[in-house]
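Have the structure open as you read.

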Amino acid sequence: MSAPKLFGTDGIRGQAGKFPLEPSFVLRLGLATAQVLLHSNQRPSAVIGRDTRHSGQMLQSALTAGLLTGGANVIDLGVITTPGVAYLVRQSGAQAGIVISASHNPVHENGVKLFNAQGFKLRETIEAEVEKLAQEPGLFESGLPERFGHSVDGASLRELYIEDLVNEHPGLRLDHLKIVMDCANGAAFQLGPECFTRLGANVVAINATPSGLNINAQAGSEHIRRHPQLLGELVRQYEADFGLAFDGDADRVVLLDKEGNIIDGDHMLGILGRYLDRRKQLVGRAIVATSMRNSGLLDLIDSEGFKFIETKVGDKYVAEELLKLDRQGANPRALALGGEQSGHILLIDEQHTTGDGIRTALYLARVLVESGAASLTELASCVKKTPQIIASAHVNSKPPLDGIQELKALQQDLATNLPGLLKKELRYSGTESLFRAMLEADQRHSEAELADKARAVCLAVQKASDTQGGLIEILNCTRGGVL
């Protein structure tokens, strides 16, 4: 079966109310999901949760109607993080988990993510099967069950998720820590502060009053990566130990130290890798990261003697490699570690199958307490980043990059005029109408110099995609902020 066209690297994404995220198609998607994922069980069930977007209830209602039509029972978790749904799939004994969320994307967008009974994102072959069936003209005319399903309120199950996050750290107390926590007006607005407060931390929660329209609006991890000074000012104002920010569905987190420095996924992988390895808890002594990683992380991996595995961009590909690691003879409490620079960190064991911003932040707080480090700055100094930028350019279409002649000339220019170039990554986003150019170099070049080159590349792709005057944003991956 061919690769899915609607499913990207993180489910189906789009503008809420328009195909494919219009109620009529989402209804079909629910029925197709029931028939593909749940047909082998006599009493099929699915857990379903959403973030705080105003379109979430509409899409969840349509999806639920399709699942019920297909004979599946639905456990409605309400507003909950994506990793919360993945965890509760297993705990509830359901055959599928579904999240209505567009993660860090703007409020007018939404998405549908599907998990299997083990809490893992679906393989592309299964996504393609669901997608194909959902578009069959006769979907509602054949194969309907003898009985329809029913929906139950599963909001009380959220407590199981909170207890799991907190109880993973017996004896840990955070009483002496003050933390400014940006909840992105998203799914973590209650869960994040609650977990840290139960462990004694003094939490100053911001962007924790969702209206349905303000998710990720000048808030959350992606906004803080671009504008770290905003959270930095609050960290100084409240005399906090550090700040942290989740994205809309809280599978990502980034931290900010007292000096206003961004602590991103590269730093976290280094910090957690060293911590787990010293406790014989790092599965395979390996770290898995995507091609967007910084070379500073590789330097740490080499110095520690870890194994490094690189994947395509997308946490599902990181998870696939983590599952391949040999756990034979490993400590029963060992974790397979991987993630993305964006702050999407995976700590995989039998109960946890996807990235979880709250869980990652709790582990980092634990490392800070147990390490005796004077500050988060000292802890993160193990990863010394090289100059790196990521340019994101809006595009109206996505013509094949290898067919853009001007782009070929610009790539030759990069090779000629950037002798210190370490890595380049040119690709379209799998979840947004964006082209991305990542450039990384050694200390012979500055982030500003890389930004100029990346901007020219983006303009060539926008020209080829008939995008006039499209927005180009360039993120400084070394220090945070935009260029």
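Is Phe242 buried or exposed? Keep in mind that this is a predicted model. Phe242 sits in strand β10 (residues 242-246), and with a relative accessibility of 2% it counts as buried, since the cut-off for that is under 20%. Leaving aside residues up to four places away in sequence, Phe242 touches Leu177, Lys178, Ile179, Val180, Val235, Leu255, Leu256, Asp257, Leu368 and Leu376. Lys312 lies 70 residues from Phe242 along the chain, and their C-alpha atoms are 31 Å apart.

Now for the helices. Two packed helices are described by the angle between their axes and the distance between the axes. Here are those values for α1 (residues 23-37) and α2 (residues 56-69):

| Feature of the α1 and α2 pair | Value |
|---|---|
| Approach of the axes | within 7 Å |
| Crossing angle | roughly 40° |
| Handedness | right-handed |

That makes α1 and α2 oblique to each other. On the α1 side, the contact involves Pro23, Val26, Leu27, Leu29, Gly30, Leu31, Thr33 and Ala34; they meet Met58, Leu59, Ala62, Leu63, Ala65, Gly66, Leu67 and Thr69 of α2. Sorted by type, the residues of this contact come out as 12 nonpolar, four polar and no charged.

As for α1 itself, its 15 residues reach 21 Å from first C-alpha to last, close to the 21 Å expected at 1.5 Å a residue. Of those 15, 12 are buried, so α1 is largely enclosed by the rest of the structure. Among the buried ones are Phe25, Arg28 and Gln35. Their cover includes β1 (7-8), β2 (11-15), α2, β5 (96-100), β6 (109-115) and α4 (124-134) for the buried residues of α1.

Key. Residues numbered from 1 in each chain as written. Predicted model: local features only at pLDDT ≥ 70, side-chain atom pairs only at ≥ 80, totals over all residues. Heavy atoms only, no water. Axes fitted to C-alpha atoms, helices over the stretch in contact; angles between N-to-C directions. Helix = DSSP H or I, 4+ residues; strand = E, 2+ residues; numbered from the N terminus. Parallel < 35°, antiparallel > 145°, perpendicular 65-115°, else oblique. Left-handed = near helix turned anticlockwise from the far one by under 90°. Contact = heavy atoms within 4.5 Å. Nonpolar A, V, L, I, M, F, W, Y, C, P; charged D, E, K, R; others polar. Expected span 1.5 Å × (residues − 1). Buried < 20%, exposed > 50% of the residue type's maximum accessible area, 1.4 Å probe, protein only.
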